[in-house]
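Here are my notes on this one, as numbered points. Have the model open while you go through them.

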Amino acid sequence: MPTPSRSRRERPAKPALSREGIIAATIEIVRAEGLEKATMRRVAQALDTGPSALYVYVANTAELHGGVLDELVRTLDVAPDGDWQDRLVALLRDYADVLFAFPGLARSALVLRPSGPNSLRIFDRVLGLLIDGGVDPARAAWGADLLLQNATAAAAEHSTPSPSDIDASVDDEAAWEGLVRAVRTADPKELPSIAEHADAILAGAPTERMTWSIRALIAGIAATPTSLIHHELP
């Protein structure tokens, strides 16, 4: 005999929707399928509900992805030991590592301008370390933004493209070999500086270059006045 179907009343109740639950489900999708698959419709499907139900908690896909980033950086904080610059470099590299681990998220973060509580905490820590290092607060405020943008851009540049990216067909190794070949074979008459300094141009692992860029930015932030013009924000 056919097994009688269970009535709707006998089925276990679905857990109540919440912003936290929506973000958690989205992270699972990002881990398994990639950021490009984490749409409102796909998340709603995973939660066995309709997309319209999600809009009560999340305004759009951009806010959803911003919430994912904010949750992923929740555990990041400043190391207790080391001088202020070493601790700042470590924090920014940890932040970039989160983005490296989730291809596509770094590129989204470049335009998201994350403002969740954990993202603001990271900004606060970067700002505080700059001020602790003797950087004028006005410079430190702009500098913290610049440092986080730099870390995000570095991760976006070096992250593996997702299948939906327009450049996903590009082979990273082949692209690097092409760049090396172009630099090594530069015409000394047309490109004299590149031809003479090819070794310096190609030197350094990505982590070394990122650490250098952070320290170079710190030095510039400390030395460059903001010429701050007071104006009312919109």
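By class, how many nonpolar, polar and charged residues does the lining of the second largest pocket have?

1. Pocket lining. The answer is 10 nonpolar, four polar and two charged residues. For the classes, Ala, Val, Leu, Ile, Met, Phe, Trp, Tyr, Cys and Pro count as nonpolar, Asp, Glu, Lys and Arg as charged, and the others, Gly among them, as polar. Of the 16 lining residues, Tyr95, Arg113, Pro114, Asp145 and Leu148 lie nearest the pocket's centre. A pocket here is an open set of points on a 1 Å grid over the protein atoms alone, where a 1.4 Å probe fits, with protein on both sides within 12 Å along at least five of seven lines; lining residues have an atom within 4 Å of a point.

2. Provenance. Bear in mind that this is a predicted model: local features need pLDDT of at least 70, side-chain atom pairs count only at pLDDT 80 or more, and totals for chains, interfaces and linings use all residues. Residues are numbered from 1 along each chain as its sequence is written, and side-chain values use heavy atoms, with hydrogens and water left out.

3. Pocket volume and helices. The second largest pocket has a volume of about 360 Å³, the volume being the space filled by probe spheres set on the grid points, which are joined across faces, edges and corners. At least two lining residues come from each of α6 (105-112), α7 (117-132) and α8 (137-158).

4. Overall fold. The protein chain has 12 helices and zero strands; these are DSSP runs numbered from the N terminus, with helices as H or I of at least four residues and strands as E of at least two. Of its 234 residues, 32% count as buried (buried is under 20% relative accessible area, exposed over 50%, partly exposed in between; 1.4 Å probe, protein chains only).

5. A buried leucine. Leu91 sits in helix α5 (residues 84-100) and counts as buried, at 2% relative accessibility.

6. Salt bridges. The count is eight, taking a side-chain nitrogen of Lys or Arg within 4 Å of a carboxyl oxygen of Asp or Glu. One to look at is Arg215 with Asp86, where the closest N and O atoms are 2.5 Å apart. That pair links distant parts of the chain, with Arg215 in helix α12 (residues 206-223), Asp86 in helix α5, and 129 residues apart. Arg215 is partly exposed at 32%, and Asp86 is partly exposed at 36%.

7. More pairs. Arg184 and Asp199 also form a salt bridge, with the closest N and O atoms 2.5 Å apart. Arg184 lies in helix α9 (residues 172-184) and Asp199 in helix α11, so the pair ties together parts that are 15 residues apart in sequence. Arg184 is partly exposed at 47%, while Asp199 is exposed at 55%. Asp124 and Arg125 meet at 3.0 Å, N to O, and a network of salt bridges links Asp77, Arg121, Asp124 and Arg125.

8. Surface patch. Leu191, Ile194 and Ile201 make a nonpolar surface patch of about 210 Å². Patch residues have over 30% relative accessible area and no salt bridge, with nonpolar side chains (Val, Leu, Ile, Met, Phe, Trp, Tyr) joined within 5 Å and like charges within 9 Å. Ile201, in helix α11 (residues 198-202), is partly exposed at 34%.

Methods:
Accessible areas come from the Shrake-Rupley method with a 1.4 Å probe; for residues, only the protein chains shown count as cover.
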